[in-house]
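The following note sets out a number of points on the model under review. They move from the chain as a whole to individual residues.

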Amino acid sequence: MAKKSITARQQKREKKVAQYAEKRAALKAAGDYAALDELPKNASPVRLKNRCQLTGRGRGYMRYFGISRVMFRDMALNGKIPGVKKASW
């Protein structure tokens with residue numbers, strides 16, 4: 001499980017990206033890169049990291065499910081993800 005400060009920082013960045021999304025798009029379309037430099041660094045969507053919605057883990061993230069591989073395996077074995085079962089051959 002990720003530290004609370006890491007997940008809080010991520011949520012803060014997500015809010016900042018959403019807040020400046022329209023302004024960024026307008027400045028990019030206009031080609032005004034000097035004004036883009038004046039925006040806060042955390043307003044850039046590049047600074048966001050995919051994290052597990054349940055634990056906040058940043059590595060082993062499965063984009064389709066929105067969770068980490070550890071939580072995916074745990075939920076799949078418990079039958080909480082429909083249509084997923086352990087392979088055996």
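This is a predicted model: local features need pLDDT of at least 70, side-chain atom pairs count only at pLDDT 80 or more; totals for chains, interfaces and linings use all residues.

1. Along the principal axes, the C-alpha atoms of the protein chain fill a box of roughly 60 × 30 × 15 Å.

2. On secondary structure, the protein chain contains three helices and two strands. Read from the N terminus, the order of these elements is α-α-β-β-α. Helix H1 spans residues 4–30, helix H2 covers 33–38, strand S1 is made of 61–62, and strand S2 comprises 67–68.

3. On burial and surface, 24% of the 89 residues in the protein chain are buried. The accessible surface of the protein chain amounts to about 7300 Å², and carbon and sulfur atoms account for 51% of that surface. Among contacts with a separation of 6 or more, 30% join residues 24 or more positions apart.

4. On charge, the protein chain carries 22 positive and 6 negative charges.

5. On domains, the assignment divides the protein chain into domain 1 (1–49) and domain 2 (51–83). Between the C-alpha centres of domain 1 and domain 2 there is a distance of 26 Å. How many residues of each domain are in contact with the other? Six residues of domain 1 are in contact with six residues of domain 2.

6. Lysine 49 falls within domain 1 (1–49) and lies in the loop between helix H2 and strand S1. Is lysine 49 buried or partly exposed? Its relative accessible area is 42%, so lysine 49 is classed as partly exposed. Apart from neighbours within four places in sequence, lysine 49 is in contact with Gln10 and Gly58. Glutamate 14 is 35 residues from lysine 49 along the chain, and the C-alpha atoms of the two are separated by 9.6 Å.

7. Serine 44 is also placed in the loop between H2 and S1. Why does serine 44 count as buried? The relative accessibility of serine 44 is 14%, and therefore this residue counts as buried, the cut-off being under 20%. With neighbours within four places in sequence set aside, the contacts of serine 44 are Val17 and Arg24.

8. Serine 68 belongs to strand S2. With a relative accessible area of 1%, serine 68 is buried. Which residues are in contact with serine 68, leaving aside its neighbours within four places in sequence? They are Cys52, Thr55, Arg57, Arg59, Gly60 and Tyr61.

9. Glycine 31 sits in the loop between helix H1 and H2. Because its relative accessible area is 36%, glycine 31 is partly exposed. Glycine 31 and valine 70 are 39 residues apart in sequence, and from C-alpha to C-alpha they are 43 Å apart in space.

Notes
Residues are numbered from 1 along each chain as its sequence is written. Side-chain values use heavy atoms; hydrogens and water are left out. Helices (H or I, at least four residues) and strands (E, at least two) are DSSP runs, numbered from the N terminus. Buried means under 20% relative accessible area, exposed over 50%, partly exposed in between (1.4 Å probe, protein chains only). Contact means heavy atoms within 4.5 Å. Accessible areas come from the Shrake-Rupley method with a 1.4 Å probe; for residues, only the protein chains shown count as cover. Lys and Arg count as positive and Asp and Glu as negative; His and the chain ends are not counted. The place of a charge is taken as NZ of Lys, CZ of Arg, CG of Asp or CD of Glu. Domain bounds come from an automatic or database domain assignment.
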